[in-house]
Amino acid sequence: MRVSLEWLSDYVDFEIDAQEIADLLTNSGTEVEKIETIGKGLEGFQVGLVLEVASHPRADRLSLCRVDIAGSIREVVCGAPNVKPGIKVPLAAPGSRLPNGTVIEEAVIRGISSHGMILSEKELGISEEASGIMVLDDAVEIGRDLASVLSMPDQVLVVEITPNRSDCLSMVGMAREVAALTGKQLKMPPSRVEEIAEPASGLVIIEILDPDLCSRYAARLIFSVKIGPSPWWIRRRLQAAGVRPISNVVDITNYVMLELGQPLHAFDYDLIEEGHIIVRRAKAGETLTTLDGVNRKLTEDSLLICDSKGAVALAGVMGGEESEVGERTSRILLESAHFDPPNIMRTARFQELPSEASYRFERGVDPNGCVRAADRAAELMRELAGGDVMAGAVDAHPRVIEPVEIDLRVARTGKLIGITLGSNEVADLLRSIELDMAGTKVEDGVEVVSVIVPTFRPDLEREIDLVEEVARLRGYQKISSTLPLTSKNIGGLSRGQKKMRSIGRTMAGEGLYEAITHAFISPRWLDILDPSRQYLPNDVFRVRNPISEEFSVMRPSLMPGLLETLRFNFNRRVTDLHLYEIGRVFLSDGDEKLPREPLRLGCIMSGEWFHKQWGGEREEADFYTIKGVLEELIGALNICDWDIRAKEFPFLHPAQSGLITIEGSEAGYIGTLHPRVAREAELPEKIAVMELDLESLIASSRDPRYREIPRFPAVQIDLAVVVAEDSSCARVEHVMREAGGPLLREVQLFDLYRGEQVGPGCKSLAFKLTFYALDRTLTDEEVMPLRDSIIETLRERFEARLR
Amino acid sequence: MSREPVPGELAEDPKLGELYRELQRDLEAAGSLPAIEDVRVAFLGRKGKITSLLQGIKDLVPEDRKRVGRLGNQLKGYAERALDEKAAAMGDLELEEALRREALDISLPGKCIQRGSRHLLSQIIEEIEDIFIGLGYQVVEGPEVELDYYNFEALNTPEWHPSKSLQDTFYIENPKGDYQDVLLRTQTSPVQVRVMETTPPPLYVISPGKAFRYDVPDATHSPMFHQVEGLVVDEGITLGDLKGTLEYFTKQMFGQERDIRFRPHFFPFTEPSAEVDVSCIICEGKGCRVCKGSGWLEILGCGMVDPNVYKYVGYDEESVSGFAFGMGVERIALLKYAVPDIRYFFDNDLRLLRQF
């Protein structure tokens, strides 16, 4: 909503400047986004009367004009097509400066001197109109200063109106707020209408077939109008409000809508069959061409204005092309009606046709303001378009909407806001916005003010709505700040939330960066990762109305987002990337409407890892790097029972992948990304990945317990054994632990060797074994037999030999 | 060791006095640890001069034995001290020289264990959580794919309500059935309803999480973003409590020196409602490009829980009251850390992730 202060001053005498009004409005809930100044720099131009127009001897399109500016006559060359004798125009004298900075100079144009310039609205900086010079109203005095004639400059408040405040979508509504905030009186525009004797009633029949959607339809007839341009004061106010002037009759309907908030529509009465208005729902297959030239298919719940032949307007949204007011129109049927807000909203939404009218109707228009607005517009058409107003409004009013009465408990109002209030203060505040007090009473020992809410405030329906009015009119600044007494409540995180935080910290501590990727992904990822849907689900949740295909599937895995991120960075030459993400994935949950949303931890590692510094060896992250991250995480969470078992996944390298199990249940995967996937996704070759179910991680996390620290020295033995290539290290270790018995406390692999010394098909695993007892120093006599037993068992189980 | 006069009694004996002076001379001339050791051997070694002197006492006439023995031991004690002192000083000097040869270029970069980091948005969410935990709140969560009922209806936003058009919604297709009321939550507020459905008052909770709106990505819009929702329901909660709570939060988050402004506003599920502005953290309220010249930055929406919401969850609106608030995490991050574009948060460019 754009509020011209020049216009606003018709309805309220404010004695403060634009910024002060803006602050008052903003602090009472009507946010002023900015203050614009229009019509700046018009000082120094004058009103001139064009006396004569002769054609330029050497240029067809130019004319020589003699312009009277109260006493002196100027000869001016003008190129506008609409210049003619007798019109009054804005004239710039040589030496004056246009708002855009151009200085007007004496000029010789094709051999003829021009002593000034006749200006267009665009040159004056007051509109975009540049097709001809500006023609001023006939009544203006020759020689007067243009700025005062145009009542410029003006300031316009650009205001955000919240959806509940339909009453503020009008100048009068805004004036009511300003009056309340400044303690002034609201001055309503005149409602008097001068009619001719002939009544309208015989000439219009109104039938409302669907009163649930149209509670009221008032019409007035204005005959003998002369269609032409509106006077300046209407045009400038429409322009300030952001509405383009068209012609006097149409402008007046827009003007009154902006003034009073009641959308109006002017039909050409001669194009309404039999003067018969029928308000009804559309029939199946019915169409209507609206004023914008679009032929629209109508749904059966759209409300139509029809004549006896067919539809003439889409009720409350836009008029029809056929009954449009044009240059030849002389008889006007003026509509001022009240329509059901949800219905108008649906229609405007369905037709994708938001209009000034529908915007107001869907938020709520005063049902009892129809006739007043019709009268105001009819009177303006009489004054400005020379029309004859037929006597009486034809007012079909099948459903009367009455003002509501609401009881407001004074003490409760104060208690909710946190202030002490008296009933007088409450009543005064509410009266300032024109609510009526039906009286005060005491009910069950509680003081109650009965408030009658006029129908221009449909948003005030309940006690709480009035509490809000009291709070905002009194001012939020005046409420003192307190804190609730929360002695009953103790803040904190749940165990799971604490674990979540510690998982994030561990991952970051491991050197990984957290990524947050979109919850919706491109379906292409699913085809790249798992074309036959062996692992990823087939039944994914899709976005019905995605922004694009890229964001159209709710992710069933974190991997696509992480790989996408890898590619994004890779394309920007950031090649060493170690990322994790914690987020929800979306999986079908049987017949439930909503998906399951388990939390996952995803992780990818690619490129140089850890030995970043000078002098060190370059090391690429690989399967073992990401496994190391997993082991540290498992360690940090103190999960005892977990395992990785070799398993193939469609998107993982078939010989470098495993299933992660925790306490025997599947909890995720780990591996190297399949080279096929990397190639198809245009990713680097070697990417280590894993994805884990966070809930099973958290559930299996145990609090650590103290283990006795040995006081007696440990015995350490290095043992290098040669085993077949396919023997798993974990198995070897397991067997060593079995054979070593309880005194073998630690088994740590420190070298893996393949080569000549061990022969083909074999590998050498070197372990450091640590033995100790808690109650004594172990002797060689105790340890050596254990060592021999380990070697012997390995020989039996793996045909292992010592190296 | 500076040359000192021979102490009194030693000077009386020409032989011992001379030995003293000789020791001093030799020690002074010794310029390294081995040279000092040579002096030690020459005087105190098995055949050293002082050792020989002391060994020779038994051959002296009885009247001299006592005196020479005393003075000889005095000289020996002196020699030991002087040699140790000189050796220690020389040792320090030599060590010092050796250390000089181990000089490092301390301007070379350090060898670090590479640190990762949590996403800036996660860090901000945690900061917000901790402020409210300090005020006695608990953290609750809810689903990202929601029912229309929780996202709109039970939040007093019926189908035809104009405010519904303010938030363009993504709708979700369930692969197992044709449901029209499944959507991506447009706000974290539905968690309010879910919590109230299952928990009786008093309630002090915040709920961080993702929310989604149909916005084509640009510098200030993202179809996915994060919000933190807060809800308090208890006996006697006032608008003043809401104001005090958010003032405390805002000052904790943005600094004690910030000014805070409460403006009445409209939200379907709160009444009275407010928007909270903080004085611009870029220009300190003078007016700049970021605050569009107003000096204020809008950071929060809030209000007293609308009684209609209580009806949906079965709370008694007469016996309890409460407030709710919601804030955009990205907006806080953009403002507090001067990140110029909301899309950067979800691009996850490592060069950005590293900065926080």
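The structure is a predicted model, in which local features need pLDDT of at least 70 and side-chain atom pairs count only at pLDDT 80 or more, while totals for chains, interfaces and linings use all residues. Residues are numbered from 1 along each chain as its sequence is written, and chains are lettered from A and ligands numbered from 1 in the order in which they are written.

**Contact between the chains**
- Chain A contributes 82 residues and chain B 76 residues to the contact (C-beta atoms, placed from the backbone, within 7 Å).
- On the side of chain B, helix α9 (residues 239–254) supplies the largest share, eight residues (helices are DSSP runs of H or I, at least four residues; strands are runs of E, at least two; both are numbered from the N terminus).

**Strand pairing across the chains**
- Strand β29 (residues 542–543) of chain A runs antiparallel to strand β3 (residues 172–173) of chain B, and two bridges join them (strands pair if DSSP finds at least two bridges between them).
- Within β3(B), E173(B) stands opposite R542(A).

**Helix α5 of chain B**
- Helix α5 (residues 62–100) of chain B has 39 residues.
- Its buried residues are V68(B), L71(B), G72(B), L75(B), A79(B), A82(B) and L83(B) (buried: 20 or more other C-beta atoms within 10 Å of the residue's own, with C-beta atoms placed from the backbone).
- These buried residues of α5(B) pack against α1 (8–12), α2 (14–29), α3 (33–44) and α4 (49–55) of chain B.

Notes: Two residues are in contact if their C-beta atoms, placed from the backbone, lie within 7 Å. The expected span of a helix is 1.5 Å times one less than its number of residues. A residue is buried if 20 or more other C-beta atoms lie within 10 Å of its own, exposed if 12 or fewer, and partly exposed in between; C-beta atoms are placed from the backbone.
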